[in-house]
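Colleague: I would like to learn how to read a model like this one. Could we go through it feature by feature?

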Amino acid sequence: MADSEVVTNVAASRADIAGLPLAPLNPLPYRQQIAAIRSFHTGFEVLRDAGGPVTRLRFGPKGLFPDFVVVSSPQAAHDLLGAPMYCTDRAITHDELQRLLGESLFTLRNKPWLPRRRILQPVFTKKSVNAFGGHMAQAADMVAAGWTDGQVVDLDAASRRVTLRALGRSVLGIDLDERADSIAGPMRTAMNYVTGRLVSPVHAPRWLPTPARRRARAAARQVHDLAAEILRSCRDDPSHDAPLVRSMMAATDPDTGRTLSDAEMCNDLVVFMFAGHDTTATTLTYALWALGHHPDIQEKVRAEARAIGDREISPTDLPALGYTVQVLHESLRLCPPAPGNSRMVTQDIEVGGYLVKAGTLASVGMYAMQRDPALWERPLEFDPDRFGPEQSEGRDRWQFIPFSAGARTCIGDHFAMLEATLALATMVRHTEFHSLDKDFPVALPFTMVADGPIPARVRSLK
Ligand code: HEM
C-alpha cells in the first residue's frame, strides 16, 4: 500500500471514531481505584465489576495525569493489543525497567524494537525451541530424585529450581540453579524496586541514591555481569554449550543482514532471565498445586506421560501430551503470571466501541478477563477439559491471552510451554502429589508469583 493511501485510511478511520463516546468513568471512589490498580490482578476485577469491561479512571487534571483505561473483554483486548503499531507503544512501566536493565526486546519503543524482534524471532520458533529446550525433563527428574517417600515439599521452591536449571542449560550453558542466590535474589530485588516505583504515587527523584535504588542497581549489575561472562565464554570457547546464546550470535535481520551487538545480546539475555524464570516457575507451581487437589486429573496426566514409556520425555513427545498442555492452559487461565499489561495510546483508537484518545494509558486485565463469569462457565473451577478441542471451538481467541497477543506478544511462549509440559509430565509420571493448603496465595513483585511456600506431600510411585 502506498504511503499516501495509508495516510488517507488513517484519516478516514480517525474521522469514523471521532464521534464515539469516551469509555465511562469508573464509579468507584478515588482511594478504591488507587488500591485496585496497585493489585492489577484482583483489583482489575473490582474495576470491571464496578465499571464494565472498558472503564476509565481519571486521577487528576487533564494534561497533568493521563487517563487510564482498563479493559477486560476479548473485543477490547483485540482492539488495543491488535491496533496498528503507530497507534500504541510501550508505556512508562517499561521505561522504568529500561532505566534499570538497559534497552531490551521487552522495553524498547516500537520503532527501535521492530528490527530487534525481526532478528530474534527465528530463534524462538517452535522448531528452534525444540532444538534447545529439551533440558526440562532432566532438570525435573533431578529435583524429584532428591525427594523421599512421604516428604512434604515446597512446590514453588521445586518448580523454581527446575526452571532455573533448565533455563540455565538451554539458554546459557550453565547450571543456574547452583548459582540461584546470585540470580533469583537480585532479580527479585530489581523487580520489587521497579514495581514499587510504578504503584507508588510519590517517589524520590531519579537522581537521589536511595538505599532501595542502590540495591536495585547492584542487583541489575550482578545479573548483567553474569550475562557478559556467558557471552565471553561463548566467544572464547567454541565448545561452550549455550544453544540460545549461539543462536543469538548467528541471528541476522532478514531485511538488512544486521547482527546483534554484544551489548544488545547481554541486555536481551538479562531480560530473558527476568521474563522467563518467575513466569514459567509459577505456571508449573500452580499446575502441580491444582493437580494435588484433583487426583483424577492428576491420574490422567500420569497416564499420558506413562504411555510414552520409561525413557526421558523429549520435545518430540509433545504431540502425545495434549491433556498435559490443557492442564497448563487451565493453570495459565486461573493464574496468569502476567495478570495485566500496559500500553501508551499514541493515536486515537476505538476500543470496545469507545474512543480512547492519544495520551491515554491503557491496560488489558488478563486475570480479570480469564476469570470473568460473563465469559466462562464455572470460572473459578479448575477444569482442563474446557481447553479440549471441542469445548474450545468457537471461543474468541482473545478471551485467553496469558502470553498477551498482537505485535508485542511474548517471544518465549513456545519455550515456556515446552518447558512446563516436559517438566509437568516428568514430575507427575513417578510421583503422586497431595496439596496441603486449600489456597494458592499470590504476590505481585512484578509478575504474579506464589506468596510463600506451597506445601504438598509427595509419594513415590517408582
Ligand atoms: C509462562 C511463561 C510466560 C508468560 C505467562 C509470559 C507472558 C508474557 C506476556 C504477557 C508478555 C507481553 C507483555 C506485554 O504485552 O506488554 C511477554 C513478553 C515477553 N516475554 Fe514472556 N512470558 C513467559 C515466558 C517467557 C520466556 C520463557 C521468555 C524468554 C526466554 C519470555 C520473554 C519475553 C520477552 C522478551 C517479551 C517481550 C516481547 C516483545 O516485546 O517483543 N517470556 N511475556
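Colleague: Is Arg378 buried, partly exposed or exposed?

Modeller: Start with the general idea. A residue is buried if 20 or more other C-beta atoms lie within 10 Å of its own, exposed if 12 or fewer, and partly exposed in between, with C-beta atoms placed from the backbone. Arg378 counts as exposed because it has 9 C-beta neighbours inside 10 Å. Arg378 is in the loop between helix 16 and helix 17 (389-392). Its phi is near 40 degrees, a positive value in a residue other than glycine.

Colleague: What pLDDT does the protein average?

Modeller: pLDDT is the predictor's confidence in each residue, from 0 to 100. The protein averages 90, and 94% of the residues score at least 70. Over residues 1-12 the pLDDT is below 50. That stretch has 1 contact in the model beyond near neighbours in sequence. Two residues are in contact if their C-beta atoms, placed from the backbone, lie within 7 Å. Where pLDDT is low, the predicted coordinates should not be read in detail.

Colleague: Now the ligand. How many residues surround it?

Modeller: A residue is near a molecule if its C-beta atom, placed from the backbone, lies within 6 Å of it. Here 22 residues surround the ligand. The closest are Gly276, Thr279, Ser404, Cys410 and Gly412. Helix 13 (262-291) and helix 18 (413-430) each supply at least two residues of the shell. The largest share, 7 residues, comes from helix 13.

Colleague: How do the shell residues divide into nonpolar, polar and charged?

Modeller: Ala, Val, Leu, Ile, Met, Phe, Trp, Tyr, Cys and Pro count as nonpolar, Asp, Glu, Lys and Arg as charged, and the others, Gly among them, as polar. The shell has 13 nonpolar, 7 polar and 2 charged residues.

Colleague: Ser404 was on your list of closest residues. Where does Ser404 lie?

Modeller: Ser404 lies in the loop between helix 17 and helix 18. Ser404 is partly exposed, with 18 other C-beta atoms within 10 Å. Its phi is positive, about 65 degrees, although Ser404 is not a glycine.

Colleague: How do I read the faces of a helix?

Modeller: An α-helix has 3.6 residues a turn, so residues three or four places apart point the same way. Take helix 3 (residues 42-51), where Gly43, Phe44, Leu47, Arg48 and Gly51 are buried. Seen down the axis, these buried residues fall within an arc of 140 degrees, so they line one face of helix 3. The arc is that of the directions from the helix axis to the C-beta atoms. Their cover includes helix 2 (30-38), strand 1 (54-57), strand 2 (68-71) and helix 16. Just after helix 3, Gly52 takes a positive phi of about 90 degrees.

Colleague: Which residues of helix 6 are buried?

Modeller: In helix 6 (residues 110-120), they are Trp113, Ile119 and Leu120. They cover an arc of only 120 degrees around the axis, which puts them on the same side of helix 6. Helix 13 is among the elements that cover them.

Colleague: How many residues of helix 15 are buried?

Modeller: Helix 15 is mostly covered, with 10 of its 13 residues buried. Among them are Val325, Leu328 and Leu332. The buried residues pack against helix 13, helix 14 (295-306), helix 16 (366-370) and helix 18. For length, the expected span is 1.5 Å times one less than the number of residues. Helix 15 (residues 322-334) reaches 19 Å from its first C-alpha to its last, close to the 18 Å expected.

Colleague: Last one. What does Leu355 touch?

Modeller: Leu355 is in strand 7 (residues 354-356). Not counting residues up to four places away in sequence, Leu355 touches Ile17, Leu20, Pro21, Leu22, Asp348 and Glu350. Leu355 and Gly19 are 336 residues apart in sequence, yet 8.0 Å apart in space, C-alpha to C-alpha. With 17 C-beta neighbours inside 10 Å, Leu355 counts as partly exposed.

Methods
Residues numbered from 1 in each chain as written. Predicted model: local features only at pLDDT ≥ 70, side-chain atom pairs only at ≥ 80, totals over all residues. Helix = DSSP H or I, 4+ residues; strand = E, 2+ residues; numbered from the N terminus.
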